[in-house]
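Have the structure open as you read.

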Amino acid sequence: MSAALQNTGPMLQVERLCKRFGALAATDEASFALHRGEIHALIGPNGAGKTTLIHQLSGALRPDSGRVLLDGQDLTPLGMAGRVAAGLVRSFQITSIFKRLSVRDNIALGLQARRPGLPNLWRRASAERALQEQAEALLELCGLAARADELAGSLAHGEQRQLEVGLALAAQPRLLLLDEPMAGMGPDESERMVLLLQRLRAEQGLTLLLVEHDMDAVFRLADRISTLVFGRIIASGTPQEIREHPEVRRAYLGDEASDEMEAAL
Ligand SMILES: Nc1ncnc2c1ncn2[C@@H]1O[C@H](COP(=O)(O)OP(=O)(O)OP(=O)(O)O)[C@@H](O)[C@H]1O
């Protein structure tokens, strides 16, 4: 199939994924699709299976059955490294940051990890310069240029999460998975993250899939939303369609996330 034809379909297709833990079907025939260049949110009540599903997309967890396709390529047999090479990158938790290195060195290391090969000593000066320029551009993009010389461990929580996104960007993703990017953030930090994610889509053409409990952020950011309940995708659609979906409204009633959801509905 030509590249042009391939590009007309969904970017990511998740087909009938299943994952059991003993008797529990944590992922139950879950299917949904992501369009190129969209911000897609995966929501669902506590324990619905969002993290389990994200793990199967990143390659951290093998599904029992079903497939994950990126631009038509079957990623299911690939582990995490293979999926990163294919362009599907998950933003890691803060634990992946080197807290005793500067913010700039963290980004430079992320960029170097992408192209192993010649050790620093043998790298040509022009390649070094290109690396530095890329690092500066990434620092600016993720809003950390002014903090570049600080130790990563001295950054505020929200800034550490911005750095985490910068590290994921260093791997040059086409599709970025984000697991609760607003977790533990105050309103100002959340706002900065919303703006950063909007910028990634608008300026970098990135496709984003995020799991997020902050319904305000979800309804502001997402072009489309998929709702997971008991391991099944019960609805995929625009924020308006999700707001009006009777099964989604039912799923959130009685859940502790319901107040936030109700406010967003
Ligand atoms: N490794 C595991 N072994 C056994 N059960 C698991 C395992 N991982 C998850 N589960 C169970 O699978 C179900 C889905 O869990 P998961 O963490 O994916 O849900 P979630 O939607 O991400 O929840 P939350 O919103 O609370 O983070 C839960 O009932 C959980 O207890």
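Let's begin with a helix pair: the axes of α4 and helix α6 (residues 157-170) come within 8 Å of each other and cross at roughly 25 degrees. That angle makes α4 roughly parallel to α6, and the crossing is right-handed. Keep in mind that this is a predicted model.

Which residues of α4 and α6 meet? On the α4 side they are V103, N106, I107, G110, L111 and R114, and on the α6 side L163, G166, L167 and A170. By class, this contact has six nonpolar, three polar and one charged residues.

The α4 positions are worth a look on their own. Residues three or four places apart in an α-helix point the same way, because there are 3.6 residues a turn. The buried residues of α4 are V103, R104, N106, I107, A108, G110 and L111. Among the α4 residues that meet α6 are V103, I107 and L111, and these are also listed as buried.

What about the length of α4? Helix α4 covers residues 103-114, twelve residues in all, and at 1.5 Å a residue it should span 16 Å.

The axes of α6 and helix α7 (residues 187-204) come within 9 Å and cross at roughly 20 degrees. Angles under 35 degrees count as roughly parallel, so α6 and α7 are roughly parallel to each other. Their crossing is right-handed. From α6, the contact is made by H157, G158, R161, Q162 and V165, and from α7 by E189, R192, M193 and L196. Sorted by class, that gives three nonpolar, three polar and three charged residues.

Here are the two pairs side by side:

| Helix pair | Axes come within | Crossing angle |
|---|---|---|
| α4 and α6 | 8 Å | roughly 25 degrees |
| α6 and α7 | 9 Å | roughly 20 degrees |

Next up is helix α2 (residues 50-58). Is it enclosed or open? Eight of its nine residues are buried, so α2 is largely enclosed by the rest of the structure. The buried ones are K50, T52, L53, I54, H55, Q56, L57 and S58. Just after α2 comes G59, with a positive phi of about 95 degrees.

Most residues other than glycine have a negative phi. R16 isn't a glycine, yet its phi is positive at about 50 degrees. R16 sits in strand β1 (residues 12-21). With 13 other C-beta atoms within 10 Å, R16 counts as partly exposed. E29 is another non-glycine residue with a positive phi, near 55 degrees. E29 belongs to strand β2 (residues 24-34), and with 14 other C-beta atoms within 10 Å it is partly exposed too.

Finally, let's zoom out to the whole protein chain. The chain has eleven helices and ten strands. Of its 265 residues, 38% are buried. Taking contacts with a separation of 6 or more, 67% of them are between residues 24 or more positions apart.

Conventions
Residues numbered from 1 in each chain as written. Predicted model: local features only at pLDDT ≥ 70, side-chain atom pairs only at ≥ 80, totals over all residues. Helix = DSSP H or I, 4+ residues; strand = E, 2+ residues; numbered from the N terminus. Expected span 1.5 Å × (residues − 1). Buried ≥ 20, exposed ≤ 12 C-beta atoms within 10 Å, placed from the backbone. Axes fitted to C-alpha atoms, helices over the stretch in contact; angles between N-to-C directions. Parallel < 35°, antiparallel > 145°, perpendicular 65-115°, else oblique. Left-handed = near helix turned anticlockwise from the far one by under 90°. Contact = placed C-beta atoms within 7 Å. Nonpolar A, V, L, I, M, F, W, Y, C, P; charged D, E, K, R; others polar.
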